[in-house]
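Subject: Model handover

Hi,

Here is the model I promised to pass on.

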Amino acid sequence: MTLFPLILWFRQDLRLHHHPALEAAKATGQPIIPLYILDEGASDPWKMGEAQRWWLHHSLASLNKDLESQGGKLILRRGSSAQILKNILQETGTQSIYWSRCYEPFSIARDTGLKKEFIEQGITLKSFNSSLLFEPWEIQNQQGHPYKVFTQFWKKCLIQGPRFPTFDSTLSPQFYTSLKSDDLTSWELTPTHTNWAHGFSKVWHPGEASAHKKLEDFCTSRLATYKEARNQPGCIGTSRLSPHLHFGEISPHQIWHHLHQKSSSNASVESFLSEIGWREFCYHLLYNFPSLPERPFQEKFTTFEWENTDEALSLWQTGKTGYPIVDAGMRELWQTGWMHNRVRMIVASFLTKHLLLPWQEGQKWFWTTLVDADLANNAANWQWVAGCGADAAPYFRIFNPILQGEKFDPQGDYVRQWVPELKNLSNSFLHKPWEASSAELNQAGVVLGKTYPFPLVNHEQARKRALERYRHL
DNA sequence: TGAAATGTTGGGGCG
DNA sequence: ACGCCCCAACATTTC
């Protein structure tokens, strides 16, 4: 008896281990068609950003290599998901499609439509959870409503405990390889004209194997000091797993399991896991409040009067605000597709409070420039900083970019790396070059207004203006 | 996972 | 020795 092949539709689960949909597919004994579809219409207006396209290219290449080593091949197709799935059903006689759930509103809409259409045709569709410890609808408060506060949410999660649906079985998969596939390079996911991603490849190695290596390295050498070191952008104190997590090269289940296996619970382990918890909370919010990327979670912010100056936005984007810690962050982002979390909070506070520019603008910029851009995390965290989100920072919590720099980058390693024109300035003025004497500036080779900008706004004045504006709410 | 303003305390300099 | 003031250090309140 010939078995029809089964489609394993990869989306944000680009790995082969601890993959519930793949396990289920293996268990059927049917030949598997590993498929990835580049569908650029479905996610409008949140079409994948440029930095993520770079990551996707390398992640797909890596996944294909891993599949080839097991006798398989990743089938690449471009176009409307529905049309391509239909084509393959016709080409192969496939009767079933397996996938891992996505949680973005546009993904849910797409998948719901596909389910309806295909189930009517008698096709078997099975969806699995491969990217969240807790389904966003699973965690509820006593009234049966979604949580709006992180602490309570995470407490409930920890009591409930995650389920581990599958571990890797010893079954070896059969792959169906006689399908034509696009050439990955023809998708032009990587830069074609200027190579803006030059700095990316020095820092990042997309793919499942390097995701695991990174987790191992983190657990052996940095986890113990995570609670303190995580706030210092000048040293590598965080896991830097975010882009791997976003693309599903590693799952939060694997991280959870690994941590509980290798380390006893202590403040650093709890602190790291609670960051995974924030990711869960963001998905919980996005699922239950799908307008999160577009509109303020707190309605009273709908009428907030944001400024609208393209010039300030552009100076912020390009790292020319005149505040060294802010500029360092924005340049790290541009050059590597990533920014340290502490600095994300500082630059976001600067945009929304000091410049009073809409958080949506910051969100958009992060969306195109971050390799770890994630709709849920991006939306929830921008709203958190702006003060209009769930469990948000209160409006009067305004980061002082000078103090933050002095506190978390005391030796100036971070600023000197990303704002090299200030590197000869002494620590005492590195975070506030405008206060240095002209002799001091001279000696460091700094000419304010020429080699490095004057501060775009005065901190005290900007703080007062923001307090005034927010107080009107 | 704030910062600034305001309040309190206690040691030491000084007449 | 004593009272007074200054101010650093810390605590509390406010935005």
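First, a definition: helices (H or I, at least four residues) and strands (E, at least two) are DSSP runs, numbered from the N terminus. This is a predicted model, where local features need pLDDT of at least 70, side-chain atom pairs count only at pLDDT 80 or more, and totals for chains, interfaces and linings use all residues. Residues are numbered from 1 along each chain as its sequence is written, while chains are lettered from A and ligands numbered from 1 in the order in which they are written.

Pro-45 sits in the loop between strand 2 (32-38) and helix 2 (50-68). His-18, in the loop between strand 1 (6-10) and helix 1 (20-28), has phi near 45 degrees, which is positive although the residue is not glycine. For context, most residues other than glycine have a negative phi, and most peptide bonds are trans.

What UniProt says

An unreviewed UniProt entry annotates residues 4-133 as "domain: Photolyase/cryptochrome alpha/beta". (UniProt positions are given in the numbering used here, feature names are shortened, and annotations may be inferred rather than shown by experiment.) In the model, that span is 43% helix and 20% strand, and its end C-alpha atoms lie 33 Å apart.

For "binding site", the unreviewed entry lists Tyr-226, Thr-238, Ser-239, Arg-240, Leu-241, Ser-242, Phe-272, Asp-372, Ala-373 and Asp-374. These are spread over 149 residues of sequence and also in space, with up to 23.0 Å between C-alpha atoms. Asp-372 is in the loop between helix 15 (359-369) and helix 16 (375-386).

Helix packing

Helix 13 (residues 324-336) packs on helix 14 (residues 341-354) at about 110 degrees, with the axes 9 Å apart. Axes here are lines fitted to C-alpha atoms, for helices over the stretch in contact, and angles run from 0 to 180 degrees between N-to-C directions. The pair is therefore roughly perpendicular (65 to 115 degrees; under 35 is roughly parallel, over 145 roughly antiparallel, and the rest oblique). Ile-325, Val-326, Gly-329 and Met-330 of helix 13 make the contact with Val-343, Ile-346, Val-347 and Phe-350 of helix 14; contact means C-beta atoms, placed from the backbone, within 7 Å. By class there are 7 nonpolar, 1 polar and no charged residues. (Ala, Val, Leu, Ile, Met, Phe, Trp, Tyr, Cys and Pro count as nonpolar, Asp, Glu, Lys and Arg as charged, and the others, Gly among them, as polar.)

Helix 13 also packs against helix 17 (residues 401-408), at about 75 degrees and with axes 8 Å apart, so these two are roughly perpendicular as well. Pro-324, Ile-325 and Val-326 meet Pro-401, Gln-404 and Gly-405 there.

Helix 14 crosses helix 16 at roughly 60 degrees, their axes coming within 9 Å, and the two are therefore oblique. Met-345, Ala-348, Ser-349 and Thr-352 of helix 14 meet Trp-382, Val-385 and Ala-386 of helix 16.

The DNA

Which residues surround DNA strand B? They are Trp-278, Met-345, Ala-393, Phe-396, Arg-397, Ile-398, Phe-399, Asn-400, Leu-403 and Gln-404, where near means a C-beta atom, placed from the backbone, within 6 Å of the strand. This surface has 7 nonpolar, 2 polar and 1 charged residues.

Cheers

How values were computed
Two residues are in contact if their C-beta atoms, placed from the backbone, lie within 7 Å.
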